[in-house]
Amino acid sequence: MIVFDLQCKCGCQFEGWFAGRVDFDRQNDLGLIACPRCGGEKVRKILSPVAVYSGCGGRASKPAEGEQEITPATMVRFLRTVRHFVEKNFNDVGPRLAEESLKMRYGVSEPRNIRGTATADQEIMLRKEGIELLHIPLIGKDPSEPKPN
Ligand SMILES: [Zn+2]
């Protein structure tokens, strides 16, 4: 799979996943790629590439002509970036995830981003309350990352 950064003539930028460059050209010729904002079918590839952005150290290799193959290594970098983001921006409530989610749901506490753990039973209960949990795959830290303080 290849990710292309695409731009519509309305200025909207979005990404598309294709089997390859030929697949992109074919779909574009047939007008199968539509802008998510205006529905326009005249899109073009942007040469600045989509890359999985690694917050710590940039990307390892420069993609050629606006494309990047998704490799296992890219995926690992991506998951590390997600984990890093979540650790930085979500308050860790540990096993109190269900309790804290419910408090926010019922206005007992201020809405904020939280992360933590929930049992399968708790998760079913939360879903009945209309609270969806997002599972993040836990991936090991990059050995080259600085140790947290
Ligand atoms: Zn558009």
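Where is the place of Pro111? I found Pro111 in the loop between α3 and β6.

Before going on, I noted that this is a predicted model, where local features need pLDDT of at least 70, side-chain atom pairs count only at pLDDT 80 or more, and totals for chains, interfaces and linings use all residues. Residues are numbered from 1 along each chain as its sequence is written.

I then looked up the elements: there are four helices and six strands. Helices (H or I, at least four residues) and strands (E, at least two) are DSSP runs, numbered from the N terminus. Along the sequence I read β-β-α-β-β-α-β-α-β-α.

Back to Pro111: is Pro111 buried or exposed? Pro111 is exposed, because 9 other C-beta atoms lie within 10 Å. The cut-offs are 20 or more such atoms for buried, 12 or fewer for exposed, and partly exposed in between, with C-beta atoms placed from the backbone. Of the 149 residues, 9% are buried. I also checked Glu100, eleven residues from Pro111 in sequence and 9.6 Å away in space, C-alpha to C-alpha.

Next, the strands. β5 (residues 91-94) and β6 (residues 114-116) run parallel, joined by three bridges; strands pair if DSSP finds at least two bridges between them. I saw Asn91 opposite Ile114 in β6. With helix α3 (residues 97-105), β5 and β6 make a right-handed β-α-β unit: with the strands pointing away from the viewer, the path from the first strand over the helix to the second runs clockwise.

Last, I followed β1 (residues 2-8) and β2 (residues 13-18), which run antiparallel with six bridges. Phe4 has Gly16 in β2 as its bridge partner. Four residues lie between the two strands of this hairpin, and Gly11 in the turn has a positive phi of about 100 degrees.
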